[in-house]
Amino acid sequence: MAVGNPFDFLKSFGNIQERMGEIQNRLEGITVVGSAGGDMVQIEMNGHMQVVGVRISQEAVDPKDIQMLQDLLQAAFSDALY
């Protein structure tokens with residue numbers, strides 16, 4: 001196997017790092033919103049898959065049925081991911 005100029009490799013690596021930085025910046029600007037229950041629960045995520053917002057309507061909050069709210073949150077999160 002032929003070995004090229006190591007400085008060419010380092011220069012190429014520097015270009016890759018620069019491009020990765022650009023991609024990271026673009027991901028920060030991407031926003032997705034997942035929802036469930038007819039938009040009663042919404043989860044907003046950025047391109048880094050970080051949750052940046054959660055909105056829950058009053059209709060989704062029933063102290064006697066916490067399981068439903070948990071299910072709606074899970075469904076909204078899954079919807080935001082896919």
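**Strand pairing, a salt bridge and a nonpolar patch**

Strand 2 and strand 3 run antiparallel and are joined by five bridges. Helices (H or I, at least four residues) and strands (E, at least two) are taken as DSSP runs numbered from the N terminus, and two strands count as paired if DSSP finds at least two bridges between them. The model is predicted, so that local features need pLDDT of at least 70 and side-chain atom pairs count only at pLDDT 80 or more, whereas totals for chains, interfaces and linings use all residues. Residues are numbered from 1 along each chain as its sequence is written, and side-chain values use heavy atoms, with hydrogens and water left out.

Buried denotes under 20% relative accessible area, exposed over 50%, and partly exposed the range in between (1.4 Å probe, protein chains only). E44 counts as partly exposed because its relative accessibility is 21%.

One salt bridge is counted, the term denoting a side-chain nitrogen of Lys or Arg within 4 Å of a carboxyl oxygen of Asp or Glu. The partners are E44 and R55, whose closest N and O atoms are 3.6 Å apart. The pair links distant parts of the chain, since E44 belongs to strand 2 (residues 41–46) and R55 to strand 3 (residues 51–56), 11 residues apart. R55 is partly exposed because its relative accessibility is 38%.

A nonpolar patch on the surface is formed by M49, V51, V54, I56, V61, F77, L81 and Y82, with about 810 Å² of accessible area together. Patches consist of residues with over 30% relative accessible area and no salt bridge; like charges are joined within 9 Å, and nonpolar side chains (Val, Leu, Ile, Met, Phe, Trp, Tyr) within 5 Å. Accessible areas come from the Shrake-Rupley method with a 1.4 Å probe, and for residues only the protein chains shown count as cover. Strand 3 contributes the largest share of the patch, three residues. Strand 3 and helix 2 (66–81) each supply at least two residues. L81 lies in helix 2 and counts as partly exposed because its relative accessibility is 31%.
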